[in-house]
Amino acid sequence: MEDNGAVTTLRLALAQVNCRVGDLGGNAAMVLETAHAAATAGADLLAFPELTITGYPPEDLVLRPGFRAASQAALEKLAADLAAAGLGELAVVVGYVDDDGLPRNAAAFVHRGAVLARYFKQHLPNYGVFDERRYFIPGDTFVAVRHKGVDIALTICEDVWQDGGPFAVAGAVGVDLVVNINGSPYERNKDDLRLPLLQGRAAEAGAAIAYVNTVGGQDELVFDGDSMVVARDGAVLLRAPQFVEDVYYLDLEVPERLPVHLAAPATVVERVTTEVAAVALTAPALPAVHADRMPDEAEVWGALVVGLRDYVTKNGFRSVVLGMSGGIDSAVVAALAADAIGGANVHGISLPSAYSSDHSRSDAELLAERIGAHYREVPIAPMVDAFVDSLGLTGLAEENVQARVRGTTLMALSNAEGHLVLATGNKSELAVGYSTIYGDAVGGFAPIKDVPKTLVWQLARWRNADAASRGELPPIPENSISKPPSAELRPGQLDTDSLPDYELLDAVLERYVDRDQGVAEIVAAGFDADTVARLARLVDGAEWKRRQYPPGPKISFKAFGKDRRLPITSAWREGLR
């Protein structure tokens with residue numbers, strides 16, 4: 001397109017919001033409330049994340065015709081409600097589920113009480129997070145809307161990950177701005193991948209990109225926001241903070257150009273106009289946000305807090321209960337819970353057995369005091385003795401009874417008092433099956449399920465240092481961090497009696513679980529062959545336990561249950577082949 005020298009300024013508003021799956025009325029009301037704020041701020045275009053109307057991801061709900069019909073009806077009602085509220089002149093881009101016999105992941109351009117344009121993917125199957133068939137394919141319609149003299153293309157989420165997709169079409173047909181609405185789940189350091197990707201797509205499209213992402217938790221997923229606007233030359237014009245729900249504004253200057261009408265091969269191009277001419281922006285200039293990137297531990301802690309908070313509140317709970325053993329895992333989970341929902345809503349239970357050390361009780365009590373949690377002791381020795389004596393149990397069977405009595409006690413308190421039980425196992429333990437099914441594996445949510453043990457220690461030290469930097473008392477007792485980890489199921493027991501040192505264990509698991517490396521490849525990298533082979537057998541044999549473990553927030557590329565599943569019944573054993 002040829003620049004004619006004139007410039008149009010379009011005030012963008014990116015709504016980084018937290019939706020609730022299935023709450024179509026509540027989500028639409030949130031859109032309406034946000035539109036009031038954006039209109040007051042003088043916005044011309046307000047963009048919401050992917051599937052805002054339905055919440056994201058709706059998974060198998062999209063297979064229900066009634067759900068799809070309700071999504072479409074909610075969109076039409078929203079368009080009318082915006083106009084009735086005097087907000088019809090504000091252009092709104094919002095995600096919803098469409099239906100042409102099959103569910104469609106769709107973006108709507110709403111203006112003056114009507115859905116002026118719809119862009120949808122050819123496929124929206126029942127998926128957990130991503131599905132390869134959601135990419136832009138021949139037959140998808142490329143949609144561009146001319147509003148206030150600016151040509152705006154609509155795209156959805158994974159379009160931005162596809163070479164030669166709609167961004168290439170945008171470059172061929174000529175647009176000024178590509179709006180990309182997202183439900184992009186959090187993973188560690190994923191924010192470092194997004195910017196280079198968007199810069200490449202901006203160059204491909206020859207246009208600025210407005211990327212808007214949701215925030216909040218939904219079951220095992222956490223969404224971190226990180227919405228941004230990237231100019232066609234790759235410059236970052238706006239970048240929102242992670243995990244913060246708000247509306248972010250940018251006065252985007254767009255050179256007025258002569259339009260080009262060239263369609264890319266095998267692509268239907270739909271052009272729509274709002275018939276609103278370009279006008280000078282009269283509102284006072286708004287400074288754009290440029291949020292600093294978060295340090296790794298702060299980012300992970302923020303994701304875990306958001307995931308826990310939203311799981312608790314969106315499922316109607318007001319409080320949580322967990323076993324406080326004085327160890328590092330329960331200490332970190334308790335501190336996360338206090339940050340998520342307030343210490344007054346955290347109930348810590350010390351469950352001492354005949355083998356519990358004095359420091360396990362004192363460390364647990366100190367933790368509860370520091371985070372402002374409720375604390376009580378429920379000795380389990382009499383209950384364990386009743387089981388053991390009645391059945392004549394010894395050895396591992398006796399040890400497992402202790403863990404199961406603890407689990408039963410926590411579930412009983414949950415039933416009696418209405419708390420959500422938090423499981424405190426970490427990813428390293430889950431990987432090798434170092435947990436007791438129906439014991440420490442019970443609960444409604446597992447906040448550190450995807451956190452390796454070594455990272456648990458890092459997070460504890462970071463949280464304490466962060467508190468100290470703000471003049472606050474560090475929440476986690478130093479002894480809980482420094483003492484050797486133990487389940488205290490027999491005299492003098494340590495985790496290292498059964499497992500390698502956690503530094504070594506996590507290094508092997510990172511390769512075997514997260515990177516899918518084989519035993520031979522890991523051994524070739526310098527690890528002991530017998531150790532690697534034993535750990536591989538433990539991982540492969542513990543799938544049945546992992547399938548029964550509570551959900552927990554995903555922070556890695558390969559989270560158990562969400563991204564990685566092995567057959568429970570399998571004759572395959574990884575070896576030095």
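## Basis

The model is predicted: local features need pLDDT of at least 70 and side-chain atom pairs count only at pLDDT 80 or more, whereas totals for chains, interfaces and linings use all residues. Residues are numbered from 1 along each chain as its sequence is written, and side-chain values use heavy atoms, with hydrogens and water left out.

## Packing of α6 and α11

Helix α6 (residues 328-341) packs on helix α11 (residues 453-469) at an angle of about 50°, and their axes are 10 Å apart. Helices here are DSSP runs of H or I with at least four residues, and strands are runs of E with at least two.

On α6, the contact (heavy atoms within 4.5 Å) is made by Ile328, Asp329, Val332 and Asp339; on α11, by Lys453, Val456, Trp457, Ala460 and Arg463.

Serine 319 lies in the loop between α5 (296-314) and β16 (320-323). With a relative accessible area of 10%, serine 319 is buried (under 20%). Its side chain makes a polar contact (N or O atoms within 3.5 Å, one able to donate a hydrogen and the other to accept it) with the side chain of histidine 419, at 2.6 Å.

Histidine 347 belongs to strand β17 (residues 346-350) and is also buried, at 15% relative accessible area. Neighbours within four places in sequence aside, histidine 347 is in contact with Ser319, Val320, Val321, Leu322, His374 and His419.

How values were computed. Axes are lines fitted to C-alpha atoms, for helices over the stretch in contact, and angles run from 0 to 180 degrees between N-to-C directions. Buried means under 20% relative accessible area, exposed over 50%, partly exposed in between (1.4 Å probe, protein chains only).
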